[in-house]
Amino acid sequence: METGKPKKTEGVIARREKRLALRLLSPTFLLVIAIVIFPLFANFWISFKPISLADLGAPTIFVKERIKGNLEQTGEKLVIEYRYRTSSMKYPLSNVSFSDILPDGVKLIQIDPPCAIETVSAKTVIKCELGAVEPKARGRIILDVMSEMPLTKEQFNVSEINTQFEATNILTSLDFSFSNYVKIFSASEFFEVLKTTIYYTFFGTAGALILGLFAAQIMQKAFPGRAIIRGILLFPYVAPVIAVAFSWVVLFDPFSGSVNAMMIELGVAEKPVNFFGQRFAMISLFGFQIKLPVALSMVILFEVWRYFPLSFLFILARMQSIPSDLYEAAEMDGATPFQQFWYLSLPHIVSILAVLFLLRFIWTFNKFDDIFLLTGGNAGTRTLTVNVYEQAFAVSNLGAGAAVAVVIFMFLLLFSILFIKFTPKDEA
Amino acid sequence: MAFWRLGITGGFLAGAIWASLWQLLVCVALIIGSDVQIELQMGPAFITGIIMGVFATLYKPNNAKIYFLVGILLYALLLFLCSFGAPFGSLLTDNYWCMIVSLIIISSLSFISISLTVGSLNAGMVTKYFIEAFYSRLMWGLGLVFFILIVSIPFYVMVLTSLKNQQSLLRNPLDLSIDFSVAPEKLFNSYIELFVKYDFLTLLLNSAFVSVVTVFITLLFSIPGAYAVAKLRFPARQWLSSSILLIYLIPAIILVIPLYSVFSQLGLRNSLFGLCIVYPATTIPVALYMLKGYFSGLPSELDDAGLMDGLTRWQIILKISIPLSVPAIASVALYVFMIAWNEFLFAFMFLDDVKIFTLSRGIVSLDSTEVPRQHLMAAAVVATVPVLFIFLWFEKFLVSGLTSGSVKG
């Protein structure tokens, strides 16, 4: 009994803590579920549907009214014509109806079958039940009326036509197909895109890591002005991608770019090189002809330039946590600078290098903005992410874009599993 | 006898490399930064550099100031003599001052670099340690110059292009000098046009609005969340703190199609409100992860003491945890602000209406053949300056923020 009592009070506190934790976390949960988790599943859903960008606008029915005949004469026979048209290109609308108020002073002679006349609060209302309307369908309904007093067009137009219909929402309907996947996998460029992605990801990540390591090695040494230079080295990462991407585009412009002008001035190139628009260039190096993918290399260079600061920051932080007496001891033992790096610094930073490589690999794989802004995915720089945009919004096939996004997600899943498996526990 | 074990070889090498490098860089700077006619001459610099490198290995300073002064003057004199009085191709007589200043700059940079690189290296046979130390000094110096150059050139070009006009840009793309003699309204013509014609003030305000709201919502959601994960015991806590990281590996490009479709149908797409929902959702996991790390570092005894004194958990968060973690919260806020300010994809996809464009969205719409390049660059400067300003102002906070959370980019 005595041992049970404290246990019970602990239970109450524990339960209260549990409830509180749930309360504190629930706003985050809800938002993340709505904006991240739900779209993730919705993406799978869309990838199995043949949806194009134009289908997103909700379908509607348009009805137009037209009056024929002499309105000013009394006792004249008039024809009221309603023309209707559906904006839906793929799906039928059901239970379509519209209603319109007839002005006073007209008498009905004849009416087309789907329509009936009602009197609602002393006004004559025509109500037409069209039923199901096929996609792309259009048609008209004619009313013959007799005018009992002079009328104007405005009297007819003053009443708005009310339309009612039920449409199948294309996003929630239940027809699925594999056509998107068939389409993206059978396209000859898909494997080209995959290859480009892997090149870009691998070299971009490795380059940024190596440059970051080099920068960290330099900035580890104390010298006057180090804090300022460290700040400057972070600029490429901190500045908006849009600004730095366009300044690269301007810098390497074939017509007004400084780099091309400089290359011609110094005699390195005979004519301007279109750095972001040229797929390949033949370069002879030691007698070998090498086919260099120009635009892809430039995009990789940009990636390295923009993200080396991040690796640099992490590696520097790790290096500065190595106790300095280790270096003093090494110095006393006569270890050369290279030996100090190889046997002392490197073992300390190898784990952060591994983590950085994996995480940066994933992020480079996911990168969209940089390539899109530099080349728009042209000239052999189309990666999977750019392909999502290209399929969904340039070709306006949302379904195919979603299918590419699913492929990306599958790769990510694979990388994450690798990441979890190989991350040293203390670094995660 | 292994010549590479001789200290004097190091002197040769350091002299040749640094002299050539500075000669090249200063001449290129002169070509693009002034209208002085010069010719790139590497030969004299090369010879001067080697001689001065040997000098630096042979004479070690007793008094550093006098040593540098003598060395720089000696360097300038040697370069002058080696090039037969014309270190920049033409005689010093025309553009007298410009040439002399350039000569002094080249001499100072070269000699200081050479003597610092040579350092304690002696001329005779030296041990492997000193050779390697010499090479690591050489690499260090070259690396520093390399990094400063590659980082600053694109930004320099960005600012300079924005101050040019169309004719001068097309006439000579190499002329990257600023002509201060023209009237300020002409110099800043692109900026004036951006704000008058393209209404960039609205864009700036829109960006600021979205970023500040994002920071606010992110903190509002992530501080309690992080506290819960760090301090409270509940099932799946471990699982939760590791899965936050996974959420944050999901790229925007996967989410953009469903969000575009759903937001279109809900009428949220073409609105700043839509962005204010999406941005926090992408930043909260990062913020939560960063703050969680900080909160777990605060001693739990403080919370217990608070509980004993009758505070509720909310009061503990408000009165104990938040005041103690102001630096961490500041760094998270700055980092989130930076992400929101720089965000491109969602702004590009969602916003159609010019009135609600953010800066990123507005600048993309300037990227057309009808808009001159200097306007585009001026817009890039306008978008960059606030972020860089904040960054430099709060660098200490931001750097710790960057390292604690952001392998993201």
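**A walk through two chains**

Let's start with B:Ala236, which sits in the loop between H9 and helix H10 (237–247) of chain B. Helices here (H or I, at least four residues) and strands (E, at least two) are DSSP runs, numbered from the N terminus. A word on conventions: residues are numbered from 1 along each chain as its sequence is written, while chains are lettered from A and ligands numbered from 1 in the order in which they are written. The model is predicted, so local features need pLDDT of at least 70 and side-chain atom pairs count only at pLDDT 80 or more, whereas totals for chains, interfaces and linings use all residues.

The phi of B:Ala236 is near 70°, a positive value in a residue other than glycine. For context, most residues other than glycine have a negative phi. B:Ala236 counts as exposed because it has 9 other C-beta atoms within 10 Å. The cut-offs, with C-beta atoms placed from the backbone, are these: 20 or more other C-beta atoms within 10 Å of a residue's own makes it buried, 12 or fewer makes it exposed, and anything in between is partly exposed. B:Asp199 also has a positive phi, near 55°, and is not a glycine. You'll find B:Asp199 in the loop between helix H8 (189–197) and helix H9 (200–231) of chain B. With 14 other C-beta atoms within 10 Å, B:Asp199 comes out as partly exposed.

Now zoom out to the domains, whose bounds come from an automatic or database domain assignment. Chain A is assigned domain 1 (4–47), domain 2 (59–167) and domain 3 (182–240 + 296–422). Taken over C-alpha atoms, the centres of domain 2 and domain 3 of chain A are 64 Å apart. Chain B is assigned domain 1 (3–171) and domain 2 (190–405), with 45 Å between their C-alpha centres. Each of these two domains of chain B puts 8 residues into their contact, where two residues are in contact if their C-beta atoms, placed from the backbone, lie within 7 Å. On the domain 1 side, H5 and helix H6 (166–171) of chain B are the elements that give two or more residues, and H5(B) has the largest share with 4 residues.

What about the two chains together? Here, 82 residues of chain B are in contact with 79 residues of chain A. Helix H5 (residues 128–162) of chain B supplies the largest share of chain B's side, 18 residues. By class, that side divides into 60 nonpolar, 14 polar and 8 charged residues. In this count Ala, Val, Leu, Ile, Met, Phe, Trp, Tyr, Cys and Pro are nonpolar, Asp, Glu, Lys and Arg are charged, and the others, Gly among them, are polar.

Helix H14 (residues 398–422) of chain A packs against helix H11 (residues 252–266) of chain B at an angle of about 145°, with the axes 8 Å apart. Those axes are lines fitted to C-alpha atoms over the stretch in contact, and angles run from 0 to 180 degrees between N-to-C directions. On the H14(A) side, A:Leu398, A:Gly401, A:Ala402, A:Ala405, A:Ile408 and A:Phe409 meet B:Ile253, B:Ile254, B:Ile257 and B:Ser261 in H11(B). That contact has 8 nonpolar, 2 polar and no charged residues.

Which residues does A:Ala405 touch, leaving aside neighbours within four places in sequence? They are A:Asn43, A:Val388, B:Ile253, B:Ile254 and B:Ile257. A:Ala405 is buried because it has 30 other C-beta atoms within 10 Å. Its C-alpha atom is 6.1 Å from that of A:Val388, 17 residues apart along the chain.

Finally, the core. A nonpolar core is a set of buried Ala, Val, Leu, Ile, Met, Phe, Trp, Tyr and Cys residues joined through C-beta atoms within 7 Å. The largest one has 165 residues, and A:Ile242, B:Val256, B:Leu291, B:Ala379 and B:Ala380 touch the most other members. Helix H9 (residues 294–320) of chain A gives the most to this core, 16 residues. Not counting residues up to four places away in sequence, A:Ile242 touches A:Leu373, B:Phe344, B:Ser360, B:Ile363, B:Val364, B:Ala380 and B:Ala383. B:Ser360, B:Ile363 and B:Val364 are among the buried residues of H17(B). Helix H17 (residues 359–366) of chain B is mostly covered, with 7 of its 8 residues buried. Its cover includes helix H7 (241–251) of chain A, along with H9, helix H16 (345–350) and helix H18 (373–393) of chain B.
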